[in-house]
Amino acid sequence: MNTTPNPTWIGYQTIVIKEVKRILRIWGQTLVPPAITMTLYFIIFGNLIGKRIGTMGGLDYMSFIVPGLVMMSVITNSYGNMVSSFFGAKFAHHIEEILVSPLPDAVILAGYVTGAVFRGLMVGAIVTTVALFFTHLQVHNPWITVSIVLLTSVIFSLAGFINAIFARKFDDIAIVPTFILTPLTYLGGVFYSIHLLPDFWQKVSLFNPMLYMINGFRYGMHGVSDLSIGTAYTVILGFLVVLAAISLWLMKKGVGLRT
Amino acid sequence: MHALDIQQLRKTYKNGVEALKGVSLQVEAGDFFALLGPNGAGKSTLIGIISSLVNLTEGEVKVFGHDLRTARRQAKQCIGLVPQEINFNQFETPLDIVVNQAGYYGVPRKLAHERAERFLTELDLWHKRDQPSRGLSGGMKRRLMIARAMMHHPRLLILDEPTAGVDIEIRRSMWRFMRGLNEDGTTVILTTHYLEEAEQMCRNVAIINHGEIIEHTTIKQLLGKLDVETFILDLDRPVTDGLQLEGYEYRRLDAQTLEVDVPKARALNGLFRQLEEQQLRVLSMRNKANRLEELFLRMTDQEAA
């Protein structure tokens with residue numbers, strides 16, 4: 001029996017190990033801040049304001065916002081890890097270590113995505129643990145819960161990769177999170193049900209992809225959602241395929257990587 | 001067999017700069033090859049294309065018979081690159097840097113650790129293996145890049161000015177290391193500004209200027225083209241204005257120092273004899289420049305003219 005490990009698999013593992021080590025080495029920047037931010041959200045929005053709001057979508061307000069806040073952490077950290085790690089490697093030229101190697105583009109991409117997903121899920125787990133101090137959590141459907149959070153994390157890792165490819169300076173990696181990601185997340189139903197909105201804005205909200213991810217995850221945890229779970233999966237998988245295809249095409253062409 | 005076979009390679013950047021204008025070049029397997037050229041001649045572009053960091057516009061590059069366009073992975077597997085600029089993550093340790101590099105080439109982690117110990121020890125970096133690499137000196141960083149490039153045992157090692165800014169003692173130890181690699185069968189391509197380095201280490205040479213190969217020959221044949229050598233003579237007393245040195249051109253650098261062009265056809269004895277006849281004794285003598293350097297400057301100057 002041939003026990004020699006596949007070189008491509010070794011290459012993939014190497015990128016993942018490198019990324020995980022980096023995340024853990026700078027844990028004070030990668031893992032602690034989201035825990036503190038989300039604790040404040042739970043205290044202020046969930047506990048203080050939430051008590052006055054009462055219920056939302058059939059759930060007490062604290063329970064309602066937990067899935068949204070977990071997803072918000074996963075999204076921002078998956079995206080942030082990919083964009084900062086990949087752009088940092090590009091900026092300092094050490095991405096060349098990988099580009100000169102025989103690793104296929106898809107494996108390089110998969111390695112970085114896995115690193116970003118690791119951070120997204122680590123932070124998601126930390127935020128979920130923090131939430132347990134404030135409310136009782138139950139999981140309605142673990143498969144849906146895990147698959148939605150995993151797919152969402154992959155999507156935003158890929159989006160972070162595309163941002164990193166086009167970024168030329170560090171300012172460029174802050175623009176998308178500040179002006180696109182954060183507003184879309186806040187307007188994606190983290191803190192409210194879209195049924196509270198007027199008809200027109202409900203229809204506008206349907207163009208926000210975050211809405212499907214957050215509601216899909218909320219369905220997995222609580223069994224309630226503003227949208228059908230089938231639609232959520234369709235949108236999520238659609239985004240996944242499109243972003244993965246764009247990312248691989250950019251790598252093949254060497255956009256932002258090779259002159 | 002050719003370690004490197006380049007045919008009619010062209011590169012035009014998006015801004016319209018034509019960096020390579022139909023370069024053809026062959027490097028034999030096992031060779032120690034010098035690629036020389038002034039700044040901006042196209043050396044880095046050429047190395048960038050070979051190592052897949054720059055897209056070629058036109059032409060063909062084969063590494064040990066593997067075409068970069070059709071068998072890129074196999075070609076890349078054969079190459080180890082030591083770039084001009086420091087390009088490792090300076091927050092990582094030397095051990096992590098070299099072990100990771102081996103991993104990208106599919107070397108299992110256990111074997112990578114064994115190789116890391118060997119190369120880091122040979123390059124006198126083992127004692128620094130667990131320190132953040134940003135704390136290494138310039139020479140250590142360059143040696144680390146050489147160790148990194150060797151981790152997958154490449155058949156072709158490309159060194160882009162590996163000894164730039166390195167003190168002479170370390171430079172010599174790096175030369176020994178590179179010579180050892182070549183003796184063990186690794187083909188080495190070296191670009192350098194220290195032409196003494198190329199003269200001492202390399203068997204064959206190509207000179208590139210303005211994106212074209214203007215010379216591609218052996219170092220020996222190239223040096224054979226040098227018909228004049230320039231020497232600097234320190235004399236025992238000041239030289240008078242009317243000094244005549246028949247058959248030799250000279251320039252007075254200061255009262256007691258002469259710069260003399262000595263044609264290859266004429267011996268130095270004639271020069272000494274003439275100086276002695278004029279009661280001038282030579283206290284010391286040295287080459288104005290390294291021989292290859294002189295030739296290189298002449299060739300690139302001719303090209304510019």
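Reply: Happy to! Let's start with one pair of strands: β12(B) and strand β13 (residues 257–263) of chain B run antiparallel to each other and are joined over five bridges. Please keep in mind that this is a predicted model.

Now widen the view to the whole sheet. The two strands belong to an open sheet of four strands in chain B, with the order β12-β13-β11-β14 and antiparallel pairing. At the edges stand β12 (249–254) and β14 (282–287) of chain B; each has a single partner strand, so one side of each is left without a neighbour in the sheet. From one strand to the next, the twist averages 25°. As a reminder of what holds such an arrangement together, strands of a sheet pair through backbone hydrogen bonds, either parallel or antiparallel.

Chain B has another antiparallel pair to look at: strand β9 (residues 204–209) and strand β10 (residues 212–218), connected over six bridges. Here I207(B) has E215(B) as its bridge partner in β10(B). The hairpin of β9(B) and β10(B) has two residues between the strands, and H210(B) takes a positive phi near 50° there.

I15(A) sits in helix α1 (residues 7–25) of chain A. With a relative accessibility of 0%, I15(A) counts as buried, because the cut-off for that class is under 20%. Along the sequence, I15(A) is 164 residues away from F179(A), and in space the two are 30 Å apart, C-alpha to C-alpha.

L40(A) lies in helix α3 (residues 32–53) of chain A. Its relative accessibility is 46%, so L40(A) counts as partly exposed. L40(A) also belongs to a nonpolar patch on the surface, together with I36(A), I43(A), I44(A), L48(A), I49(A) and I53(A). The accessible area of the patch residues together is about 590 Å².

Note on methods:
Residues numbered from 1 in each chain as written. Chains lettered and ligands numbered in written order. Predicted model: local features only at pLDDT ≥ 70, side-chain atom pairs only at ≥ 80, totals over all residues. Heavy atoms only, no water. Patch = residues over 30% accessible without salt bridge, like charges linked within 9 Å, V, L, I, M, F, W, Y side chains within 5 Å. Areas by Shrake-Rupley, 256 points an atom, 1.4 Å probe, with all protein chains shown as cover. Salt bridge = Lys/Arg side-chain N within 4 Å of Asp/Glu carboxyl O. Buried < 20%, exposed > 50% of the residue type's maximum accessible area, 1.4 Å probe, protein only. Pairing = 2+ DSSP bridges. Axes fitted to C-alpha atoms, helices over the stretch in contact; angles between N-to-C directions.
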